[in-house]
Amino acid sequence: MSQMPQQAAVSKCPSCEEPLEPGDRFCGACGYDLSVVPAPPEDSPTVVMNGAAPGPGPARDEVDWPTARDSDGQGRPAPVHAAAELPGTDSGGSPLPSQEPSAPGEPAREPGRESAQEHSSGVRLDRPAEPDEYPLQAPAPRSAPEPAAAAGAGGKVCVACRAGRVDRDGYCENCGHAQPRERDHMEQESGPVAAVSDRGLRHHRNEDAFSVGCTALPDGAPATVAIVCDGVSSATRPDDASLAASRAAGESLLGALPRGTHPQQAMHDAILAASHAVNALAAEPATAREQAPHQNAPACTLVGAVVTGGLLVVGWVGDSRVYWVPADRATPPARLTEDDSWAAQMVAAGLMSEAEAYADERAHAITGWLGADAYELEPHTASFKPDRPGVVVVCTDGLWNYAESAQEMAEAMPLDAAVRPLHSARVLVGHALDGGGHDNVTVALLPFPAPPQGAGSA
């Protein structure tokens with residue numbers, strides 16, 4: 001609803017605020033010409049969004065609206081202040097600095113003038129420039145907690161951040177980094193015998209295992225032992241099978257030799273003990289069988305060697321091998337085991353040449369292994385009496401795939417392997433990794449001492 005405009009009466013002089021009488025044309029105090037006072041603007045009614053007029057309320061002429069000053073009292077218009085010229089305050093109510101120091105060569109800013117980094121709203125923007133990125137603050141070396149303290153008593157420390165504790169799933173609770181498994185790379189040295197095992201470059205876990213040790217015969221003569229096992233990947237829990245077999249065989253040998261058991265008989269018994277250990281893994285809970293009813297029982301291969309006095313005894317089931325490399329490289333090396341594999345059977349039966357058999361895709365299909373589903377356990381053992389010093393190489397196919405012949409194995413092994421067995425085992429593992437590392441790689445080296453005078457070959 002619109003209203004007609006009405007002339008509002010002026011009650012005070014616009015210049016000196018002296019009270020006026022109705023009808024005065026000039027102020028009696030300052031002589032201000034009251035005829036120049038502009039009439040109030042026409043009223044425009046407020047309309048709500050739905051187009052209806054506002055509800056009833058007091059009329060405009062019933063409200064005593066204050067009149068704005070448009071003069072400084074001397075006939076001049078009242079000064080107009082821009083927003084930027086008004087003093088501002090910060091968020092705490094304190095006044096902003098009136099002037100900031102200017103850089104050399106630049107004119108000082110006048111009070112109330114804003115720079116390009118400020119707004120006229122009075123908000124303070126004179127804080128220092130902030131970086132585009134905020135790097136994470138690393139703890140000071142002296143104040144950082146010790147890794148053992150951060151992980152807690154008995155806990156493992158993350159290999160990445162060295163501060164977080166590793167949970168049961170193998171991940172750091174601090175940075176989330178996946179921790180390397182203990183069996184991804186293993187090394188062990190026991191007296192003159194050493195072994196190295198590596199996961200390789202293609203497999204997601206290491207399914208190989210080994211056991212090395214030293215003992216003494218009843219007459220005090222030293223004896224060294226090495227067992228190497230390779231889990232059958234097509235079976236369930238191959239890593240558990242190889243670990244159980246290597247431990248059982250190693251413990252059996254180290255316990256039988258000091259009692260005077262012949263090394264070849266001790267090796268045979270060790271293979272049987274390893275077989276029993278792997279068979280025991282097949283007794284899984286009923287729930288596990290229900291979840292994977294078609295999986296094969298845990299299985300692995302085994303190869304081992306015993307060096308004592310002038311005697312070398314080897315034993316095996318599967319396709320892992322033992323090589324003999326003389327210290328005098330002018331003497332030819334030899335392979336001391338025969339594979340339990342499809343290729344070996346074809347060659348033994350005269351059906352294929354060795355080159356043809358091992359070129360076939362079925363070459364590495366094993367015909368003998370340790371496991372509850374093995375057809376028939378036939379431990380192979382053999383004894384030798386080398387007539388010269390050398391090194392015994394006990395390895396899985398992860399190594400001999402890249403040095404299959406005895407001559408290739410001898411060329412890959414360092415010349416000082418007899419005095420540096422651990423270093424030489426690392427070199428052989430590196431040789432397999434450089435060749436592609438398609439399988440787990442495990443090798444154990446046993447230096448063979450010089451035999452007594454008069455000993456011949458067997």
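Q: What makes the charged end of Arg-321 count as sitting over the ring of Trp-400?
A: In this predicted model, the charged end of Arg-321 lies 3.4 Å from the centre of the Trp-400 ring and sits over that ring. The cut-off for the distance is 6 Å, and the charge must also be within 35 degrees of the ring normal.

Q: How many aromatic pairs are there?
A: The count comes to 2 aromatic pairs.

Q: Why is the pair of Trp-324 and Phe-448 called edge-to-face?
A: The ring centres of Trp-324 and Phe-448 are 5.7 Å apart, and their planes stand at 90°. Centres within 6.5 Å make a pair, and planes over 60 degrees apart make it edge-to-face. The pair of Trp-324 and Phe-448 is therefore edge-to-face.

Q: Which parts of the chain does this pair link?
A: Trp-324 belongs to strand β7 (residues 321-326) and Phe-448 to strand β12 (residues 441-448).

Q: How do you know whether Trp-324 is buried or exposed?
A: Its relative accessibility is 10%. Buried means under 20%, so Trp-324 counts as buried. Phe-448, at 3% relative accessibility, counts as buried too.

Q: Why is the pair of Trp-369 and Tyr-375 given its name, edge-to-face?
A: The planes of the Trp-369 and Tyr-375 rings are at 65°, and the centres are 5.5 Å apart. With the cut-offs of over 60 degrees and within 6.5 Å, the pair is edge-to-face.

Q: What makes Tyr-375 buried or exposed?
A: Tyr-375 has 74% relative accessibility. Exposed means over 50%, so Tyr-375 counts as exposed.

Q: Where is Arg-237 found, and what is its phi?
A: Arg-237 is in the loop between β4 (222-231) and α2 (238-256). Its phi is near 50°, a positive value in a residue other than glycine.

Q: Why is Arg-237 called partly exposed?
A: Arg-237 has 30% relative accessibility. That value lies between the cut-offs of 20% and 50%, so Arg-237 counts as partly exposed.

Q: How do you know that Cys-172 and Cys-175 are too far for a bond?
A: The closest cysteine sulfur to that of Cys-172 is in Cys-175, at 3.7 Å. A disulfide needs sulfur atoms within 2.5 Å, so 3.7 Å is too far for a bond. The count of disulfides comes to 0.

Q: What makes Cys-172 count as buried?
A: Its relative accessible area is 5%, and the cut-off is under 20%. Cys-13, with 2%, is buried as well.

Definitions and conventions: Residues are numbered from 1 along each chain as its sequence is written. This is a predicted model: local features need pLDDT of at least 70, side-chain atom pairs count only at pLDDT 80 or more; totals for chains, interfaces and linings use all residues. Side-chain values use heavy atoms; hydrogens and water are left out. Rings of Phe, Tyr and Trp (its six-membered ring) pair if their centres lie within 6.5 Å; planes under 30 degrees apart count as stacked, over 60 as edge-to-face and the rest as tilted. Helices (H or I, at least four residues) and strands (E, at least two) are DSSP runs, numbered from the N terminus. Buried means under 20% relative accessible area, exposed over 50%, partly exposed in between (1.4 Å probe, protein chains only).
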